[in-house]
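Hi,

Here is the structure I promised to pass on. Have a look at it first, and my notes follow below.

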Number of protein chains: 2
Amino acid sequence: MTELVNPSLQSGFMELLPQDQVVFNRMKAVVEENFAAFGFWPLDTPVIERSEVLFSKGGGETTKQIYRIEKGESSSDQALRFDLTVPLARYVALHSNELAFPFRRYQIGKVYRGERTQRGRFREFYQCDIDIVGHGSLSLHNDAEIPAVIFNIFRQMGLENVTFHVNNRRLLNGYMAQIGVTDPEPVLRSIDKLQKMGEEKVRAEIEEAGVSQQAIDEIFTFLQPSQSNDETLAMLQSIDCEEGDAFAVGRAELTQVYEEMQAFGIPAKKISIDLSITRGLDYYTGTVFETFLNGYESIGSIASGGRYDDLASNFTKEHLPGIGLSIGLTRLFDQLQAADLLPFADENYIRALVVPMGEQQQNMAIELVGKLRTAKIPSQIYLESGKMKKKFSYADKIGAKYVLLIGEEEQNAGKVAVKELATGEQELVALDQVLEYIK
Amino acid sequence: MTELVNPSLQSGFMELLPQDQVVFNRMKAVVEENFAAFGFWPLDTPVIERSEVLFSKGGGETTKQIYRIEKGESSSDQALRFDLTVPLARYVALHSNELAFPFRRYQIGKVYRGERTQRGRFREFYQCDIDIVGHGSLSLHNDAEIPAVIFNIFRQMGLENVTFHVNNRRLLNGYMAQIGVTDPEPVLRSIDKLQKMGEEKVRAEIEEAGVSQQAIDEIFTFLQPSQSNDETLAMLQSIDCEEGDAFAVGRAELTQVYEEMQAFGIPAKKISIDLSITRGLDYYTGTVFETFLNGYESIGSIASGGRYDDLASNFTKEHLPGIGLSIGLTRLFDQLQAADLLPFADENYIRALVVPMGEQQQNMAIELVGKLRTAKIPSQIYLESGKMKKKFSYADKIGAKYVLLIGEEEQNAGKVAVKELATGEQELVALDQVLEYIK
């Protein structure tokens, strides 16, 4: 007798029961359908990359979190991807001669980070990414189109109460220069933590970075939210600056993106021009945005992204500016589940369980279930032995919407007894009408 | 200036250009739609498992091929899954109280094997698995239903010319006992290599396993293909045996599965009762099958599976018999591509590219593309600067079916110039008719 191995799940990994998995997959399908509808091409890169590729950006925090591969016959140094952006950069650099630019791709896949485990943090999780990558240049219109994808996705998930917080890094950098902050990066990284750490700690951090008390006061006055987007834009307009400097360019970009987001169908009241959004990473250079569920802001941003100057400078000398966006689906599912906000949760996955009463009805039942399946109606046939009670109990457990009973009488009449489990109502339906009836 | 990192792909990994990726995803979608239509529940387990879980079956060959994880802050011994069956076993053992049995699950995911790279062998590849797992028992009807899923899938891929080779391990074991072979396992493993190695080498291997020359002759007479399934069944019927012994039980099972496969919609002429199919692994105990593309048998089986007695004996004392099937999608795609048999390859992914002629038409164009996208018609709007020639060249490159042009005239008339790229035909269509026109 061999000893049993404990089948428990490792912490930091998500594994769902069937009913929840169906909901997760429905959410993933909504994401994918919209990515496709917006004309993004699917991409599927290996989960394993050469470490050299993954660390090409230097790394820092991520280096510590990486899952390295020990072997696999090959001796090259490999690891699991920690995002989908580095693989995209490698892919575009490798295939730039074969792609049409602007290149629009989506990728939905698992990424790996060996983070300390805690509620809401996963070591393996799905990212759902879209990027539009230009060759040499990419128009600002794309910055407004990207949030529209997200808006459509969340609307279809029944999560219409979202607010898009949009900002512009060029504007922030320009502003910092104006008030005499020469190295804006650490300041923007600190501002990024405002929601998490609060103003006091962020002020302290910025002071440590060598910024004067006066400049810090100016920064926090600047970041102060206005009553409306129009007020914020008016405030920005009121700031004097040279035409063509970073602040002026950023301001013009932010204004245009705000207006075109509306043209792309996002109501103005769902957009917040939010000067405190910085998206920590140095990587972003222009438009940045985050998306919050109204009333559930503590969940954090459910879709974030921004404009970058150069996607693949570590792999190629070609200039590849782009804009991208990412939804962390695993975390989103987990948070929605905790907040009891999961969409699609009350749908029946299995539409019909076909049950022949005896062996004589088996072939008629097999034929019927075949028709349902050809029509892509998820359905099963129950051919295990056992009493009727066991069969109905099975129908309950799998959450079937209908049980389709075929006994001797039904068979002779060419009919099927269709029972809706939720209501208990039963009706005799002609065999050739069943498909229509349960659709 | 930092040195550039080489963006090349590691050998043994598949990464496709966008047009091919679309085809791959269409094939995957057909697989998934049919798995769902047949009432299998989705499952998604972690790619990383504890090594203890993966090696619970002992391992052997696979142990050498495994991708081990070096770290990720946790110090536990982890590795990448090499199939989807071991994770299923762990999952069912862990959740058996929460599942409805028979438990029908599908899983489509990547698995990892550090094989020596060669054409058609991948280190990362998709497996598409279905399994039906019983608790205590599982009726034989399920063995006939499983190939029907495969039949529907390949029919929808336009690959109807398949043959299902079906056999029964119990029958083979019973036969071996009858002719005095006491340890049938190595013999069945040798027979499994018949196609690859040829009769002579297989005979030599079986002889090495200590089987007498006479028994070997008998085995090869037994394996000899007949003219028809009916002849094969008649031959099996002609062999004397005690009622209830393995041979008799296997024979009855094989006969029933053959008949019910036809009830489930597979024409008899697409089924071959093939006594030489053994599916090497000891794991299988009853029905076994492989699926071949007629005329392309050298590709190997494109979908294989079988019946097992106990799914999860390493994780639980519960008795969990089942039947499963696997399609190796990455390899299948690769082989079909090489044989120029890829389905869906001539479809347009992007249906429409909307092109406003000037800035004045931009908002009308944005509105139009929004309508197409809401209707889930993959479409793009072209807002980059540049001449008309550049825009049409982009439409060609992305393989758009239609270009929807809006100039000043069209705008004033509330119309759109719809050009079909393949034919060059152009027609003026009223704005509110466009959706209908290009659907």
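Which strands of chain A does helix H4 (residues 85-95) lie across? H4(A) lies across E5 and strand E6 (124-133) of chain A, and runs at about 135 degrees to E5(A). Helices (H or I, at least four residues) and strands (E, at least two) are DSSP runs, numbered from the N terminus. Axes are lines fitted to C-alpha atoms, for helices over the stretch in contact (heavy atoms within 4.5 Å), with angles from 0 to 180 degrees between N-to-C directions.

Before you dig in: this is a predicted model, where local features need pLDDT of at least 70, side-chain atom pairs count only at pLDDT 80 or more, and totals for chains, interfaces and linings use all residues. Residues are numbered from 1 along each chain as its sequence is written, chains are lettered from A and ligands numbered from 1 in the order in which they are written, and side-chain values use heavy atoms, without hydrogens and water.

Back to the sheet. In chain A, 8 strands make an open, mixed sheet in the order E1-E5-E6-E11-E10-E9-E7-E8. Its edge strands are E1 (41-42) and E8 (271-273), each pairing on one side only; two strands pair if DSSP finds at least two bridges between them. E1(A) and E5(A) (residues 103-112) are parallel, over 2 bridges, and A:Pro42 stands opposite A:Tyr106 in E5(A).

Now the helix pairs. H6(A) (residues 169-178) and H7(A) (residues 184-191) pack at about 120 degrees, with axes 10 Å apart. That makes H6(A) oblique to H7(A) (angles under 35 degrees count as roughly parallel, over 145 as roughly antiparallel, 65 to 115 as roughly perpendicular and the rest as oblique). The residues in contact include A:Leu172 and A:Met176 of H6(A) and A:Val187 and A:Leu188 of H7(A). By class, this contact of H6(A) with H7(A) has 6 nonpolar, 1 polar and 2 charged residues (Ala, Val, Leu, Ile, Met, Phe, Trp, Tyr, Cys and Pro count as nonpolar, Asp, Glu, Lys and Arg as charged, and the others, Gly among them, as polar).

In chain B, the axes of H7 (residues 184-191) and H9 (residues 199-208) come within 9 Å and cross at roughly 170 degrees, so H7(B) is roughly antiparallel to H9(B).

Finally, the two copies. A rotation of 180 degrees with 0.0 Å of shift along its axis superposes chain A on chain B, RMSD 0.0 Å (least squares on the C-alpha atoms of residues with pLDDT of at least 70 in both). The copies are thus related as by a two-fold rotation axis. Of chain A's residues, A:Ile69 comes closest to that axis, at 2.4 Å (C-alpha).

Cheers
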